[in-house]
Amino acid sequence: MAVITTSVHPNGLEYIEVTSELCYARILLQGAQIDSFIPKGQAPLLWVSSADDYQPGNGIRGGIPVCWPWFGQHPNPGWPQHGFARNRQWRHLSSEIQDEVVTLKFVLPLLEADRRFWPHNTRVELHCRFGQQLRVSLININLDNHPVTLTQALHSYFPIGDIHQLVARGFKGAHYIEFGNGPYAQTTDDVHFVQETDRVYNGLGDEQQLQTPHGVIVVKRAHSQSAVLWNPWIEKSQRLSRFNDDDYLQMVCLEAANVREDAVTLAPGERHELTTEISWQI
Ligand code: TA6
């Protein structure tokens, strides 16, 4: 029988744990950030750096940080990279259990302080469905009487065992921007990693596979016009906070997103749902 419990990390971060016949999962209320998802009888599907000490106020280096209401650096100096949603306390709205599948819903209460960054009335929810697969949906509803434009990403970190052996599949026919250059055509279906990789793809199909030494991770996206593929490699790993110098060997990010020209503009009352679904290939 599925069990849902709430606990507090020694550093004060509140989290919810899901234990069912299908999986184990953990979600921090800070950022509604999933930092663990382990399907029953399988290996973990999300990666977290051992260098992260779970101090309140930072998005945890791993799992699925929610990047909202912008992705990357904001043009305004000093504004937080990847927006502020991942550093805020979300509210747990509801829990549902159906045939051992657990669905948790969270809402981001927009604080008065956030109006400096986001002077809009937007409802932001995260719906997390924990079964043999993990499905996460970031939902935006424009409650204002004017259009609103945002960028977003579900910044998923995956455990890939050895970056030198990783083959990321399903990229042929797309094109990408990297380090502000491009677009470049993706002429091969496979992507191998030999240097820092920080690509924003467009025209990508809705499913990619990460072929790792421990199995194939399947990553699906919906209503995601962009996808981000990132490995910091050696030099950036040494500069990143809460990240071990050799962590780049074990992880890759493949992110369902709508960024750059794919920014989402919502008319008054309009709803948008960005979804990612991850699983081990059986
Ligand atoms: O999604 C890739 C990226 O934009 C990289 O450029 C790198 O900055 C990464 O996100 C991590 O960002 P963070 O703010 O979490 O350190």
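## Briefing: sheet, cores and ligand site

Nine strands form an open sheet in the order β6-β7-β8-β9-β23-β19-β18-β13-β16, with antiparallel pairing. Strands here are DSSP E runs of at least two residues, numbered from the N terminus, and two strands pair if DSSP finds at least two bridges between them. The model is predicted: local features need pLDDT of at least 70, side-chain atom pairs count only at pLDDT 80 or more, and totals for chains, interfaces and linings use all residues. Residues are numbered from 1 along each chain as its sequence is written, and side-chain values use heavy atoms, leaving out hydrogens and water.

- β6 (91–98) and β16 (190–191) are the edge strands. Each has a single partner strand, so one side of each has no neighbour in the sheet.
- Strand β13 (residues 167–169) runs antiparallel to β16, and two bridges join them.
- Arg169 has Asp190 in β16 as its bridge partner.

**Ser279**

- Ser279 sits in strand β23 (residues 271–280).
- Its relative accessible area is 13%, so Ser279 is buried (under 20%; exposed is over 50%, partly exposed in between; 1.4 Å probe, protein chains only).
- Ser279 touches Leu45, Gln133, Val216, Ile217 and Val218, leaving aside residues up to four places away in sequence. Contact means heavy atoms within 4.5 Å.

**Nonpolar cores**

- A nonpolar core is a set of buried Ala, Val, Leu, Ile, Met, Phe, Trp, Tyr and Cys residues joined through side-chain atoms within 4.5 Å.
- The largest core has 63 residues; Trp68, Trp90, Phe130, Phe158 and Leu210 touch the most other members.
- Strand β8 (residues 122–130) gives this core its largest share, four residues.
- Another core, of seven residues, lies apart from it and includes Trp47, Tyr157, Trp230 and Leu240.
- Beyond residues up to four places away in sequence, Phe158 touches Leu45, Leu46, Trp47, Leu210, Ile217, Val219, Gln250, Met251, Val252, Leu254 and Ile278.

**Ligand site**

- Around the ligand are Arg61, Phe71, Gln81, His82, Arg86, His155, Asp198, Val228, Trp230, Lys236, Leu240 and Glu255, each with a heavy atom within 4 Å of it.
- Arg61 places a polar side-chain atom 2.9 Å from a ligand oxygen atom.
- For Gln81, an N or O atom of the side chain is 3.0 Å from an oxygen atom of the ligand.
- For His82, the distance from a side-chain N or O atom to a ligand oxygen atom is 2.9 Å.
- On its own the ligand has 390 Å² of accessible area, and the protein covers 87% of this (Shrake-Rupley method, 1.4 Å probe).

Methods:
Polar contact = N/O pair within 3.5 Å; in protein donor to acceptor, adjacent residues only side chain to side chain.
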